[in-house]
Amino acid sequence: MVARKLNQNRQVIDLFSGAGGFSLGAHLAGFSTALAIDIDRDLTYSYKANFPNSKYLTGDLTRLDPSNLLKYAGIKPGQIAGVLGGPPCQGFSYMGNRDPKDPRNQLINHFFRFVRIAQPAFFVMENVPGVLDKPFKKILDDGISEAGSGYDILGPLIVDASDFGAATCRSRVIVIGYRPGLVDALKEKDVDAAKTIRRATVYEAIHDLPGLRPASKDHSGQFWARYKRKPDLGKTGTYARRARKAPTDDLAAQFVRDAYAAALVSGFQLTKHTVAVLKRFRTVGSGATDSVSRCPRLEWDSPCTTLRAGTGKDHGSFQSIRPIHPEKNRVITVREAARIQGFPDWFQFHPTKWHSFRMIGNSVSPCLA
């Protein structure tokens, strides 16, 4: 998106922010997050550790006045560069019940209601492909109409995170709106031009990460390990070298920076498998699936399948199915999942595996963002 005419400050507001995948993508693209909003305290547990200079608010967007939120962020209507958001997709997802009456479906409308009042130069909305099916497509169309007539709309487009640098196949719908007087014209070919030449593999994503054995637990319950191996030379090491880059000046709290300087990386909580599970996992070949747990064995030379999130306390507390490591007889760690999704190694998650995998599985891949 070329925004030479954009006179506003280069700030965005991230709605339904979760862990902050969209926020991170914005920062890496040269923007900063003025305000992030989400209702789930567990999903946003580490937001301030990752974005210490951004304002964050826990709240229900259906009950919040957009005008008051702008005041809280210190921004007037028309002054914000962008509004980003991935409204909850559970009601549209092929993995769920796809109930047209699911109240979460209407959160798309609240995203666009916020856009109408905030009047950003552009907006980007993300959701699952199921939102394009009947009867859900009308909800999306009505939402886009709610944004107002001042925007040129690109999409809905179906994109895949693996085409934009993530080591996971994750198909999503995006809708981009922009004000022609502030942002140059944007076409589908411009989005296609941002795609990578080749898809990253699981090997490229995780080959250099430390194992579980040297990890140690800190006072917060987080498990840290030190790098023992350098990324491969050449193209196969590009992904890992990118993941190991230091945070920019506007990102990461001081304790995160201190850990990074000490070559420490978090996310190595151990999953204790029973003897029976370990015995089964030994029989699961590359690319096959365990018949009981339904955990798939990852393949070194391919992208990962879509990482699933599981559910929060308000919807049954179901943990997600986690892939099995390509060669070790265990499910992947939080850090391995984060790498696959495209998060850098300094990025922090929840001390528990359950909420960490929810954070990762619910997030927009920063590569795509």
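Biologist: How do the residues lining the second largest pocket divide into nonpolar, polar and charged?
Modeller: There are 31 nonpolar, three polar and four charged. Ala, Val, Leu, Ile, Met, Phe, Trp, Tyr, Cys and Pro count as nonpolar, Asp, Glu, Lys and Arg as charged, the others, Gly among them, as polar. This is a predicted model: local features need pLDDT of at least 70, side-chain atom pairs 80 or more, while totals for chains, interfaces and linings use all residues. Numbering starts from 1 along each chain as its sequence is written, and side-chain values use heavy atoms, without hydrogens or water.

Biologist: Which helix gives the most to that lining?
Modeller: Helix 1, with five residues. Helices are DSSP runs of H or I, at least four residues, numbered from the N terminus.

Biologist: New topic. How do helix 4 and helix 5 pack?
Modeller: Helix 4 (residues 107-118) and helix 5 (residues 136-146) have axes 8 Å apart, at an angle of about 10°. So helix 4 runs roughly parallel to helix 5 (angles under 35 degrees).

Biologist: What sort of residues make that contact?
Modeller: Five nonpolar, two polar and four charged. Helix 4 brings I108, N109, F112, R113 and R116. Helix 5 brings I139, L140, D142, G143, I144 and E146. Contact means heavy atoms within 4.5 Å.

Biologist: And T333, where is that?
Modeller: T333 sits in the loop between helix 10 (275-282) and helix 11 (334-341).

Biologist: Is T333 buried or exposed?
Modeller: T333 is buried, because its relative accessibility is 3% (the cut-off is under 20%, with a 1.4 Å probe and protein chains only).

Biologist: What does T333 touch?
Modeller: Beyond its neighbours within four places in sequence, T333 contacts L212, G267, F268 and F357.

Technical notes
Helix = DSSP H or I, 4+ residues; strand = E, 2+ residues; numbered from the N terminus. Buried < 20%, exposed > 50% of the residue type's maximum accessible area, 1.4 Å probe, protein only. Axes fitted to C-alpha atoms, helices over the stretch in contact; angles between N-to-C directions. Parallel < 35°, antiparallel > 145°, perpendicular 65-115°, else oblique.
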